[in-house]
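Welcome! Here is a short tour for anyone meeting this structure for the first time. Take a look at the chain below, and then we will walk through it together.

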Amino acid sequence: MTETAALDLATAQQALDSQPFSRLVGARVTAFGDGGATLEIDVREELHQQHGFLHGGVLSYAADNALTFAGGAALGPHVLTGGFSIQYLRPAIGRTLRARAQVVHAGRRQAVVRCDLLMTGEDGSETLCAVAQGTVLPVPAP
């Protein structure tokens, strides 16, 4: 995130929109603040892998950004992902991917963040398909 304005949902979406890849996949921030963030992507055919599941790279992208936005909600707007791991639990099948991240611990030098990756079905039910955990680091303002 590179915005210097107040940290709120509109500013978070503006920061996401400044990323060309985020625009390509159609990502949106639907919740932001209090050490948490939720990112959503509507599933479309171009985002599938050869077996018809949402591609793992899309899940990883969503986890990376949700982790970083949640960390930014705790540490401020100038942050980057220091690293993360992801565990795929089941095939991602559904209409919308929801990456829900929450800060587990934040200090001055880093935040540790967890992200649940859920697929929503036509009926609105959620299925957990992956979990991620990462470290978010503050960086100097540009």
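Predicted model: local features only at pLDDT ≥ 70, side-chain atom pairs only at ≥ 80, totals over all residues.

Is phenylalanine 21 buried, partly exposed or exposed? With a relative accessible area of 47%, phenylalanine 21 is partly exposed, because that value falls between the 20% limit for buried and the 50% limit for exposed.

The chain has a mean pLDDT of 94, and 96% of its residues reach 70 or more. Residues 1–5 have a pLDDT below 50, and this stretch makes 16 contacts in the model beyond near neighbours in sequence.

## Two aromatic pairs

Let us return to phenylalanine 21 and look for its partner. Searching the whole structure turns up two aromatic pairs. In one of them, the ring centres of phenylalanine 21 and tyrosine 61 are 5.3 Å apart and the planes stand at 70 degrees, so this pair is edge-to-face. Phenylalanine 21 belongs to helix α2 and tyrosine 61 to helix α3, so the pair ties together parts 40 residues apart in sequence. Tyrosine 61 is buried, its relative accessible area being 10%.

The other pair brings together phenylalanine 32 and phenylalanine 69, with centres 6.4 Å apart and planes at 85 degrees, so it is edge-to-face. Here, too, distant parts of the chain are linked: phenylalanine 32 sits in strand β1 and phenylalanine 69 in helix α3, 37 residues apart. Phenylalanine 32 counts as buried at 16% relative accessibility, and phenylalanine 69 is buried with a relative accessible area of 3%.

Strands β1 and β2 run antiparallel and are joined by five bridges. Across from phenylalanine 32 stands alanine 37 in β2.

Which residue takes a positive phi in this hairpin, where two residues lie between the strands? That residue is aspartate 34, with a phi near 55 degrees, even though aspartate 34 is not a glycine. Aspartate 34 is found in the loop between β1 and β2. Its relative accessibility is 78%, so aspartate 34 counts as exposed.

## Helix α1

Now for helix α1, which spans residues 9–17. At its start, a side-chain oxygen of aspartate 8 comes to within 3.3 Å of the backbone nitrogen of alanine 10.

Which residues of α1 are buried? They are Thr11, Ala12, Gln13, Ala15 and Leu16. The buried residues of this helix pack against α2 (20–25), β1 (28–33), β2 (36–42) and α3 (56–75).

## The largest nonpolar core

Finally, let us look inside. The largest nonpolar core has 37 residues, and Leu39, Ile41, Leu97, Cys115 and Leu117 touch the most other members. At least two residues of this core come from each of α1, β1, β2, α3, β3 (79–88), β4 (96–106), β5 (111–120) and β6 (126–138). Helix α3 gives the largest share, nine residues.

What does leucine 97 touch, leaving out residues up to four places away in sequence? Its contacts include Leu39, Glu40, Ile41 and Val43. Among the others are Leu54, Val58, Leu59 and Ala62, along with Leu117, Leu118 and Met119.

Key:
Residues numbered from 1 in each chain as written. Heavy atoms only, no water. Buried < 20%, exposed > 50% of the residue type's maximum accessible area, 1.4 Å probe, protein only. Helix = DSSP H or I, 4+ residues; strand = E, 2+ residues; numbered from the N terminus. Contact = heavy atoms within 4.5 Å. Polar contact = N/O pair within 3.5 Å; in protein donor to acceptor, adjacent residues only side chain to side chain. Core = buried A, V, L, I, M, F, W, Y, C linked by side-chain atoms within 4.5 Å. pLDDT = per-residue confidence, 0-100. Pairing = 2+ DSSP bridges. Phe/Tyr/Trp six-rings, centres within 6.5 Å; stacked < 30°, edge-to-face > 60°.
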